Amino acid sequence: MTKPKVRLRAFERNDLEVIYKFFNNPELVKFLSPEAVMPYSREEEAAFIENSVNPKNKEKTYNFAIANAREELVGGCSYMDASMKNRTCYIGISIYDPRNWGKGYGTSAIMKLLDFLFLEKNMRKVLLNVYDFNERAIACYEKLGFRQEGCLKEQVYRDGKYSDMYIMALFADDYARKKANK
Amino acid sequence: MPGKKQTNKPKQEPLVKLRAFEKEDISKRHNVADNPATLRLLSSSTIMPRSLEEEAAIIERCLTPKDKDSFYTFAIENRKGELIGSCGYKDVSPKNRRCRISIAIYEERNWGKGYGTAALRKLLDFLFLEKNMHKVWLTVFAFNPRAMACYKKLGFREEGRLREHVYRDGKYHDAVLMGIFEREYRAD
C-alpha cells in the first residue's frame with residue numbers, strides 16, 4: 001500500500017465543527033480516553049480548540065491537525081509530557097472518521113510526528129498508551145517499531161468488562177534503523 | 001549641468017522596498033511564512049506550525065513596536081507590492097554601536113532572485129548611514145550556503161563558529177558568526 005500524503009498543521013478556530021462531529025462518535029472516543037464515553041458540547045470542544053489555537057507550552061505538549069492531500073482535516077496527533085532532560089515524550093493520535101480508518105493516514109501521520117520528534121525536537125524515546133482492544137492501532141505501532149514495555153492490568157472498564165492498557169515505546173536509534181532498511 | 005553628461009535613462013524602480021508591517025499582513029504572512037523549508041534556516045528553536053492567532057500575535061508586536069531603538073522588523077515588498085519577506089535588527093548596543101540583523105525571504109520560488117541581497121543593502125544603508133552603527137553581525141547555520149554566499153558578497157566576514165550548535169534533520173550543525181564594519185561596507 002502506498003502511504004497517503006498528510007500534512008501536520010496548526011489547529012484553527014474554524015476546525016471546531018469537524019471536531020465536534022467526530023468527538024461525539026463513541027466508536028472513536030472509546031479508544032482515546034479511560035473516562036466515561038459521554039457527549040461533548042460545542043462549548044467543551046471550543047475549549048480544546050482554544051488550547052490548540054493558543055497553546056500555552058509548546059515545548060511540553062502540542063496538538064497537530066492532520067490534513068490529507070485535499071487539505072481536509074482528517075485527524076489530530078499530539079505529543080505530551082515532553083521531558084527535555086530525559087528526552088522522552090508521549091504521543092497520541094486519532095483519525096476522526098471511521099470511514100478513513102485502514103487507509104494509512106494514521107501511519108503517515110505518526111511517521112511525520114516521529115520525524116519531527118526525533119530529527120527536530122531531539123527526543124530519544126517516544127512512548128504511548130493503547131488499550132488491548134485497539135488491535136488496529138497496536139498493529140500500526142508495531143509495524144513502526146514500537147515495542148510493549150509494560151501492561152497495566154484491567155486499567156479501563158469499557159463495554160462491560162475490564163481491559164488492559166499497554167505502554168509501548170520506540171527509541172530514536174531503532175526508528176532510524178527501521179527507516180534505513182525500508 | 002554643463003560639462004556633465006546627462007543620462008535620460010528612466011530611473012529603475014528598486015527591486016524591493018522596506019516598509020512597516022500592517023494588520024493586513026497577518027493572513028498573507030501566515031500563508032507563506034509557515035513554511036518548514038524557510039523556518040529551518042531561521043531559528044534554532046523547534047520548528048512548529050503556528051495558528052492564525054499565534055501569527056497575529058507576532059505581527060501585532062510589529063504593528064506597535066515598543067522600542068524601535070533596540071529592535072525592529074521591516075516587511076520586504078517586491079515591485080508588485082507583494083509581501084515577500086522580512087528583515088530586521090535587534091540587540092542594539094548604542095555604546096558599542098553594533099547590532100544583529102536577520103532576514104527571511106518566505107517562499108522558495110522567490111529565492112535566488114536577488115531579493116535578499118537588495119533588502120540587506122537597504123537595511124545596511126539604514127544601519128550604517130542613518131542609524132550610525134559601527135558594526136553589524138549575524139549568525140547563519142552552516143547548512144545555509146546560499147545565505148553565506150550572499151553575506152560574503154555584501155562584505156561580511158566569518159568571525160567565528162559555534163560548533164554543533166543546532167540540532168536539525170537528526171544531526172548537529174555549526175552556527176557561523178559573520179560581521180561587517182561600516183568602513184568595509186562603504187569601501188564596497
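In this predicted model, helices α1(B) and α3(B) cross in a right-handed sense. Two packed helices are described by the angle between their axes and the distance between the axes. Here, the axes of α1 (residues 25–33) of chain B and α3(B) come within 9 Å, with a crossing angle of roughly 120°. On the α1(B) side, the residues involved are D25(B), I26(B), S27(B), R29(B) and H30(B), and they meet L52(B), E55(B), A56(B) and I59(B) in α3(B). Sorted by class, this helix contact comes out at 4 nonpolar, 2 polar and 3 charged residues.

Helix α3(B) also turns up where the two chains touch. That contact draws 15 residues from chain A and 13 residues from chain B. On the chain B side, two or more residues each come from α3 (52–63) and β6 (157–168). The biggest share is that of α3(B), at 3 residues.

Over in chain A, 7 strands build an open sheet with mixed pairing, ordered β1-β2-β3-β4-β5-β7-β6. Its edges are β1 (6–10) and β6 (147–158) of chain A, each of which pairs on one side only. From one strand to the next, the twist averages 30°. Within this sheet, β3 (residues 73–83) and β4 (residues 88–95) of chain A run antiparallel and are joined by 7 bridges. Opposite M80(A) stands Y90(A) in β4(A).

Note on methods. Residues are numbered from 1 along each chain as its sequence is written. Chains are lettered from A and ligands numbered from 1 in the order in which they are written. This is a predicted model: local features need pLDDT of at least 70, side-chain atom pairs count only at pLDDT 80 or more; totals for chains, interfaces and linings use all residues. Two residues are in contact if their C-beta atoms, placed from the backbone, lie within 7 Å. Helices (H or I, at least four residues) and strands (E, at least two) are DSSP runs, numbered from the N terminus. Two strands pair if DSSP finds at least two bridges between them. Axes are lines fitted to C-alpha atoms, for helices over the stretch in contact, and angles run from 0 to 180 degrees between N-to-C directions. A crossing is left-handed if the near helix is turned anticlockwise from the far one by less than a right angle, and right-handed if clockwise. Ala, Val, Leu, Ile, Met, Phe, Trp, Tyr, Cys and Pro count as nonpolar, Asp, Glu, Lys and Arg as charged, and the others, Gly among them, as polar.
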